[in-house]
Amino acid sequence: MTAAGLIFSNIHDAAIPELTARRTMASIPFAGRYRLIDFALSNMVNSGITKIGVITHYNYQSLLDHIGNGKDWDLARRTGGIKLLPPFITAYDNAVARRVYQTRLEALMGVMDFINRCDEDVLVLSDCDVICNVDLNAVLEQHERSKADVTLITASVDTAEQDIDANAHVLRADAEGRLTDLAEYAGEQGKVEICSDIMLVRRTYLQHVVGEAVSRGYTSFYKDVLLRNLARDRIFLYHYTGFFARVNSLASYFRCSMRLLDPPARKELFYHRNQPIYTKVRNSAPTRYLEGASVKNSLIADGCVIEGTVENSILFRGVRIGKGTVVRNSILMQDTRTGDNVRLGCVIADKDVTIEEGRELCGHTTMPFYIGKGVRV
Amino acid sequence: MFRKKECVAMLLAGGQGSRLYALTEKTAKPAVTFGGKYRIIDFTLSNCVQSGVDTVGVLTQYQPLVLNEYIGTGLPWDLDRNYGGVTVLPPYQGKRGADWYKGTANAIYQNLQFIRRYDADYVLVLSGDHIYRMDYAKMLDAHKASGADCTIAVIDVPIEEASRFGIITTDAENKILKFTEKPKNPDSTKASMGIYIFSTQKLCAYLEEDAKDPASSNDFGKNIIPAMLAAGERMMAYPFSGYWKDVGTIDSLWEANMDILGAHPALMLSGNGWRVLSRHDNAPPQFIGEEAVVENSSVTEGCEILGTVQNSVLGENVRILKGAVVKDCVLMGNCVIREGAVVEYAILDEDVEICANARVGGPRDVKGNGIAVIGGGVRIDEGACVAPGAMISE
């Protein structure tokens, strides 16, 4: 079975207004050197998918800059490769409706040209707010074996470890793994089986249901397409068991990031079966630790210069930590600079933040202190 | 469609680098890892691109596999061009037989076709085994302004070291009066950096003349430059004052690596709109553990440090396990130092494994201790001891 990919770069942007004010969900920086879309792209590329469409909506300059021609994911290709699909606005229809798409289903309606031009058997649909390293070939095998129209990848989430938001769908299946019920998350506690929003859909089925949805004015892929057709269509679940995180608020972004300081979690995400996570290469120099630097339990990208103390933190590329500065439980994004004798605790500093000498800033793990892009403190 | 290139670079990357011993057993010197995430050739390639030279012939001969694979299409240096870009030029079989490159000049001579193909006015001849950052465009401007047939970049060296280099004596206008290869009694401190710009016609004429002489060693320093000087060609020196290091020996390779450390490193790997471009693995960020100590060191992507690292340069994906100590070392990619092992004053090539409680090298401040060198892929068994200054290869 052959597959092509389709990535939704803006879905659930509203969940993290701080980080998506000037970027897409897809281009939120994560884990020192990645952006969230890298996980969706790498999963596809590692499974041999080389034709990928990226659906954008707004705020997508940072995404264009990150993806470029796709060469860092081996997606700069004569045949296939990466295709950015900006909102499809016609001179007439949208001028009347005065809006571009709002939902997943409407986004699919807008990219039917891309889908119609695919000759692959299956389309892999993926959002960007999910961080995982999944072997899509295994899912594809199950999809073929079960003669499924749709295979939804699910993960079991323990509410004690991560929050689930109302955008998540709780799924139930019969003994064969066939979907029997689907509902928005309504506050269940304990281990909850939720949809990763990564799914395999038979191409001809997708073309058919999107056409059907257009003629009936449907708007929701889950409620109007999947839920209505539980009995008619073959919708199956695939249970994924590796590292799984869903970013749905600033606090959850903080918590997901910090999970990577745990060695087994990091191994699961980055060293899973020769399936590396690719990202845009920046050619930063290696990180320099100076005399007097003290770094413990931290994830550090290249290009940093560290003179102070860093504990339980994540530093992105090009961060500078001044002399006598102490950074604890914080996430400092690309090119953030701290002066000497700064104190930071539970801070998320967006890109290019400057924190001047002697400043002290502190948040809490449940309420990290966020400093916007380019701000000088 | 044909488009002329004003200047093409010919990068000599075929040397064995025999004075690096174990480190060049399986790879050519230009492909040896440097500064954690680079290979030596990255510096010249990055200089070319950032000086606007986009057509580079890389002359390979000795152990070219790693080098060929590394250069690939030239993508990391933006040298994957529709016209020009990087071309690997190995020795080849021609109509009149086949020959290895007999010397630096012969290597270029056998590839005059490449230079003529681009109808280049100037040829920039470079070595792939020097660590430096230089704007060749400025040197080319100087070459053109002076109307020289050949311009040689020179750097001031201490007089006591001058006999290791090709020494150039000039007049006040930088016109070259004399060139002596490794003189016993140097009369100048201007050393040739092995960077030449030739006007193409002159270069071709002298290379062809040199090829006819069976007694010649077909070398730029020994034959071409002296012949041009003797014939009274206009030859100029181009003084350069930045960081430059020939990393042809174990000691100089170690020193150059150490030059990237500190608050104000002697060798800056990026800055002022320049950086070293390189091809590298896509490894996750480095992780520094709860009990780790990392001081005055350079660490790169994929590393995992749970032990102690001091005054060292670490390559990609190096793992230092709990209780291990690494001091005054250069560790190339994928090395593993297991629990309780101590590695001091050493260079470890790629994929070396030092098992638990082994000891490699000795303190740097003990007089007489040399740099221990462990060749690629070597495994030092549990509890084993490698003496200071020892050299071990597979």
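Two strands are taken to pair if DSSP finds at least two bridges between them; strands (E, at least two residues) and helices (H or I, at least four) are DSSP runs numbered from the N terminus. This is a predicted model, in which local features need pLDDT of at least 70 and side-chain atom pairs count only at pLDDT 80 or more, while totals for chains, interfaces and linings use all residues. Residues are numbered from 1 along each chain as its sequence is written, chains are lettered from A in the order in which they are written, and side-chain values use heavy atoms, without hydrogens or water.

Begin by selecting Leu299(A), which stands opposite Phe287(B) in β18(B).

Next, display the whole contact (heavy atoms within 4.5 Å), to which chain A gives 36 residues and chain B gives 40 residues. The two chains bury about 3,000 Å² between them, 45% of it on carbon and sulfur atoms; this is the accessible area (1.4 Å probe) lost on being put together, summed over both. In chain A, select Asn283(A), Arg288(A) and Tyr289(A), which lose the most area to chain B, together 22% of what that side buries.

Finally, turn to Arg266(A) and Glu304(B), which form a salt bridge with the closest N and O atoms 3.2 Å apart. A salt bridge here places a side-chain nitrogen of Lys or Arg within 4 Å of a carboxyl oxygen of Asp or Glu. Between chain A and chain B the count is four salt bridges.
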